[in-house]
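Here are my notes for a first look through this model. Have the sequence and the 3D view open as you read.

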Amino acid sequence: MLGVDDFLGRGRPVVSGAMHYFRTLPEQWPHRLGLLAAMGANCVETYVPWNLHERRRGHHDFTGIADLERFLTNAADAGLAAIVRPGPYICAEWENGGLPAWLRAADATAPLRCEDPDYLAAVDAWFAVLLPRIARHQVDRGGNVIAVQIENEYGSYGSDEGYLRHLTGVTRAHDITVPLFTSDGPEPSMLTGGTIDGVMATVNFGSQPAEAFAALERRRPDDHPWCMEYWNGWFDHWGEPHHVRDAADAASTLDEMLSSGASVNIYMAVGGTNFGCWSGANHDGAFQPTVTSYDYDAPISEHGVPTEKYHRYRDVIAGHLPIVSELPEPTPVLPASTVELGESVALADWAATLTPSTGPMPSSFEELGVDNGLVWYRHRLRGPREARPLTVDGLADRALVMLDGRPIATLERDGVTAVDIGVDGPEATLDIVVESMGRVNYGPLLGERKGVAAVRHRLQTLHGWECTPLPLDDIAGVPWGSTSAAAGPRFHRGVFDVDAVGDAFVALPGWTKGYVWVNGFCLGRYWDRGPQSTLYLPWPLLRRGANDIVVLELDGTTSTSIDIRPTPELGPTSAAPAI
């Protein structure tokens, strides 16, 4: 069996860096991988998000940002080995931890991440498509893949040893011949629940490596000490500070691990972006949606710039491995400018062009066949009726309530979920526009449904609903030119000219909450509660000459323009947790 030593050279530790191909545009992969190699890394690691590749059951996509094989080839061209972590669950602060929403379309409580036959059938079908694509890039076939993971941090979630054995068997059955491994936190219960005989165990942590490796040795005395996730930064939630970690401290911990003879995967080595609606969420007593930026305070920033941490790491790694690559040229940036958004159209006008589903109860996103974005719920509320609380049960995650086209309240899960309404006449139109802010990606709430479960006016359940999905990954059907004066969320559009393409950042002073598209590509969510106040605009999305920019404002704006800026603003900082 060929593996790590055959690619890197015997006796050399693996110094790997995490880079998620799905968080960076394909045209940028060679530059980022070149930076990683120039830092001294000899390997790149990536997850594979199942839900990106199979958004609809049985329909697979490996093109564009989902072109895993192109990424592996680019890594080999940069002289990097590759570690692949196919899940099926990945966490990664990614929507639903990478699991497709359709797994619970028919049953909101369908078992996940265990030996349930229906779940295993879906996993087996997916692996039959995915694993051969990885297998042909293995080191024993002339490629660069040196190791493949079984599940991900399973000991933090479950204890089904049969499930791990099943995944191991399926992985081997699809000709994965390189070493397999698991990765878990160093706590005894995690290592007990997440490891399996015959598969190498690794540990994930951000500090105190000696203690973590000692815990691994107690559980698996014959396994090589390997930190599969060295958390050298951290991710951010909306409404919380931007996390950073002192570069000197992070470099010192890296040196301690390499000096001990351990192998390390730096998580993250290359920052990225949760484009579109792909950011996940946590729930630790309350819902905590993850921001659009996945900069992670990584040594290579979200926009591909080496940081102080990068240069300190390079110095550390040079003491343990030869560094043979030179830094690639930096990416140009656009000059600052302001763009007027002179056109607008109501979200209601777009919704009116789409065909709703109907039923006695509001359908969930999953039942409607959509994984994220918005759903417009409409009910004909019969009157007259006195003013009483309208309660939205099971709200996930945020809703604008309108009565006869007039916005009356914004509701949020773990916050206000009711508003008083009454009807004087014989009927009123009740609209509830629900936004998914990302499915929980870690812990027992994995696999939660989005939308609403029921709507009550005081004690009376309201029956009879039209449910219209609004697919934010494709806004080509927005009816520009409509002159409707409908209230509520609105699209705004403008054009800006570019003499030479380069990276940029979109700032939205005066705007509140919504989404931004450039030339039809969704950059992600913005929200004035921060911490980040700019969205990364990568150069491959731009063209010389005129470029379209569209903003969907959900809550209301005091501005008619946006700013193009040459530098990011990720918000006020606090120390990243050294877990």
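1. A term to settle before we start: buried means under 20% relative accessible area, exposed means over 50%, and partly exposed lies in between, using a 1.4 Å probe and protein chains only. Helices (H or I, at least four residues) and strands (E, at least two) are DSSP runs, numbered from the N terminus. Now look at helix H4 (residues 68–77), where Leu68, Glu69, Phe71, Leu72, Asn74 and Ala75 are buried.

2. Some ground rules. This is a predicted model, with residues numbered from 1 along each chain as its sequence is written. Local features need pLDDT of at least 70 and side-chain atom pairs count only at pLDDT 80 or more, while totals for chains, interfaces and linings use all residues; side-chain values use heavy atoms, with hydrogens and water left out.

3. Back to H4: what do its buried residues pack against? They meet helix H2 (29–39), strand E2 (43–47), strand E3 (81–85), H5 and strand E4 (145–149), where contact means heavy atoms within 4.5 Å. H4 is followed by Gly79, which has a positive phi near 80°.

4. Several of those strands turn up again in the barrel. Eight strands close into it in the order E1-E2-E3-E4-E5-E6-E7-E9, with parallel pairing; two strands pair if DSSP finds at least two bridges between them. On average, neighbouring strands here are turned by 25° against each other, direction ignored. Gln149 stands opposite Phe181 in E5.

5. Next, a helix pair. Helix H5 (residues 117–135) packs on helix H6 (residues 161–173) at an angle of about 30°, their axes 10 Å apart. Axes are lines fitted to C-alpha atoms, for helices over the stretch in contact, and angles run from 0 to 180 degrees between N-to-C directions. Angles under 35 degrees count as roughly parallel, over 145 as roughly antiparallel, 65 to 115 as roughly perpendicular and the rest as oblique. H5 and H6 are therefore roughly parallel to each other.

6. Which residues of H5 and H6 meet? From H5 come Tyr119, Leu120, Val123, Asp124, Phe127 and Leu131, and from H6 come Tyr163, His166, Leu167, Val170 and Thr171. Sorted by class, that contact has eight nonpolar, two polar and one charged residues. Here Ala, Val, Leu, Ile, Met, Phe, Trp, Tyr, Cys and Pro count as nonpolar, Asp, Glu, Lys and Arg as charged, and the others, Gly among them, as polar.

7. Further along there is an open sheet of four strands, ordered E21-E18-E23-E24 with antiparallel pairing. Strand E21 (418–423) and strand E24 (460–461) are the edges, each with a single partner strand, so one side of each lacks a neighbour in the sheet. Inside it, strand E18 (residues 385–393) and strand E23 (residues 454–457) run antiparallel and share four bridges. Asp393 sits opposite Ala454 in E23.

8. Is strand E27 (residues 504–507) covered on one face or both? Both: Ala504 and Val506 on one side, and Phe505 and Ala507 on the other, are all buried. E27 runs antiparallel to strand E30 (residues 534–537), joined by four bridges, with Leu535 as the partner of Val506. E27 also pairs with strand E32 (residues 561–565), antiparallel over three bridges; there Ala507 partners Asp563.

9. Last stop: Phe491 in strand E26 (residues 490–498). Phe491 counts as buried because its relative accessibility is 0%. Leaving out residues up to four places away in sequence, Phe491 touches a set of residues including Trp350, Trp480, Trp517 and Leu552.
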